[in-house]
Amino acid sequence: MWNRMEGRHPLTLKQQLFQPVITEIFSQRAFGWAALAAGALHFGLISAELPGWSCPFHHTLGIPCPGCGLSRAVMALWHGDIGTSLNYHAFAVPALLFVGLLIVTSLLPSQPRDWLTTQTAHLEQRWPVMAIAMALLFGYWLVRLVIFHDSYIALITN
Amino acid sequence: MDMGLVIYYLVVLAVGLANLFCLIYVLVKMYNEKGILHALFGFFCCTLYPFIWGWLNANRLRMYDIMIFWSAISIFGIILQVILQLTGLAQQPDLFPEI
């Protein structure tokens, strides 16, 4: 991997676009367990109508980050309220899919887990999945922030 | 606005700034270690990914102090939110918008 501190050559743009982000997350069982524990705590707090993990960008700068509203959208989707979910964030379905895969990879025994990780690696080598997802998410956030500014801020803040 | 509320808001702002500083610090570390895509994912993930990544790599990257500080600030932030709800200050503009 690219490490400026060790003075290695930086990756080319193409190599950066094809970085295996999902594979790396799925391949670390410790990461999966930690993410699930943190996610369960966050959603548990929200479900109990207690405050969850706050967004430092929105909190400090007053501007929602691209992920703001996603946890509420996932919660709404989980309860079958598709309209509310879409209203909060259109990326709730891929986010829920990602969380589902993270749960599966964390629970699976080594052999099927390795197979799943290998498949993800093949996919990420062939397509810049994460780069496309990030670009779409950024575009979606920009449109909401510029065109639907007032309603977006009101929705996320309330 | 009374003095107590002003102090409360200042504490809330300080917690937010400290939280943001820790996030940016870990995102920069992540960018140096893993490249732009990981850092962007960390930014878009609203702190959860960089927070866990930071703890998993705290020993190797020598950032235990930052991670302990970030964890303490996060817990303190949640406690502040609970106080906010219990004291009825929740009627004020949202201080801790959820992700």
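A crossing of two helices is left-handed if the near helix is turned anticlockwise from the far one by less than a right angle, and right-handed if clockwise. By that rule α9(A) passes α2(B) in a left-handed crossing. Helices and strands here are DSSP runs, H or I over at least four residues for helices and E over at least two for strands, numbered from the N terminus.

This is a predicted model, in which local features need pLDDT of at least 70 and side-chain atom pairs count only at pLDDT 80 or more, while totals for chains, interfaces and linings use all residues. Residues are numbered from 1 along each chain as its sequence is written, and chains are lettered from A and ligands numbered from 1 in the order in which they are written.

Start with chain A. Its secondary structure is ten helices and zero strands. The C-alpha trace spans about 45 × 35 × 30 Å along its principal axes. Of the 158 residues in chain A, 30% are buried. Buried means that 20 or more other C-beta atoms lie within 10 Å of the residue's own; 12 or fewer makes a residue exposed, and anything in between partly exposed, with C-beta atoms placed from the backbone. Two residues are in contact if their C-beta atoms, again placed from the backbone, lie within 7 Å. Among contacts in chain A with a separation of 6 or more, 53% join residues 24 or more positions apart.

Chain B has four helices and zero strands. Here 40% of the 99 residues count as buried. For contacts in chain B between residues at least 6 apart in sequence, the share joining residues at least 24 apart is 48%.

Next, a helix pair inside chain A. Two packed helices are described by the angle between their axes and the distance between the axes. Axes are lines fitted to C-alpha atoms, for helices over the stretch in contact, and angles run from 0 to 180 degrees between N-to-C directions. The axes of α3(A) (residues 29–47) and α7(A) (residues 92–107) come within 9 Å and cross at roughly 130 degrees. That angle makes α3(A) oblique to α7(A). Angles under 35 degrees count as roughly parallel, over 145 as roughly antiparallel, 65 to 115 as roughly perpendicular, and the rest as oblique. The crossing of α3(A) and α7(A) is left-handed. From α3(A) come A:R29, A:G32, A:W33, A:A35, A:L36 and A:G39; they meet A:V99, A:L102, A:I103, A:T105 and A:S106 of α7(A). By class, this contact holds six nonpolar, four polar and one charged residue. Ala, Val, Leu, Ile, Met, Phe, Trp, Tyr, Cys and Pro count as nonpolar, Asp, Glu, Lys and Arg as charged, and the others, Gly among them, as polar.

Now the interface. Chain B puts 32 residues in contact with 40 residues of chain A. On the chain B side, α1 (3–34), α2 (36–44), α3 (48–56) and α4 (64–86) each supply at least two residues. α1(B) gives the most, with eight residues. The chain B side has 19 nonpolar, nine polar and four charged residues.

One helix pair spans the two chains. α9(A) (residues 129–146) packs on α2(B) at an angle of about 40 degrees, with the axes 10 Å apart. The two helices are therefore oblique to each other. A:M130, A:A131, A:M134 and A:L137 of α9(A) make the contact with B:L37, B:L40, B:F41 and B:F44 of α2(B). Eight of these residues are nonpolar, none polar and none charged. Beyond its neighbours within four places in sequence, A:M134 is in contact with B:L37, B:L40, B:F41 and B:F44.

Where does this lead? In soluble globular proteins, nonpolar side chains tend to be buried together. A nonpolar core is a set of buried Ala, Val, Leu, Ile, Met, Phe, Trp, Tyr and Cys residues joined through C-beta atoms within 7 Å. The largest such core has 46 residues, and A:M130, A:M134, B:L37, B:F41 and B:I52 have the most contacts inside it. At least two residues come from each of α2 (21–27), α3, α5 (70–78) and α9 of chain A, and from each of α1, α2, α3 and α4 of chain B. α1(B) gives the most to this core, with seven residues.

α3(B) is mostly covered, with seven of its nine residues buried. They are B:Y49, B:P50, B:F51, B:I52, B:W53, B:G54 and B:W55. These buried residues pack against α3 of chain A and against α1, α2 and α4 of chain B.

A:H149 counts as exposed because it has 10 C-beta neighbours inside 10 Å.
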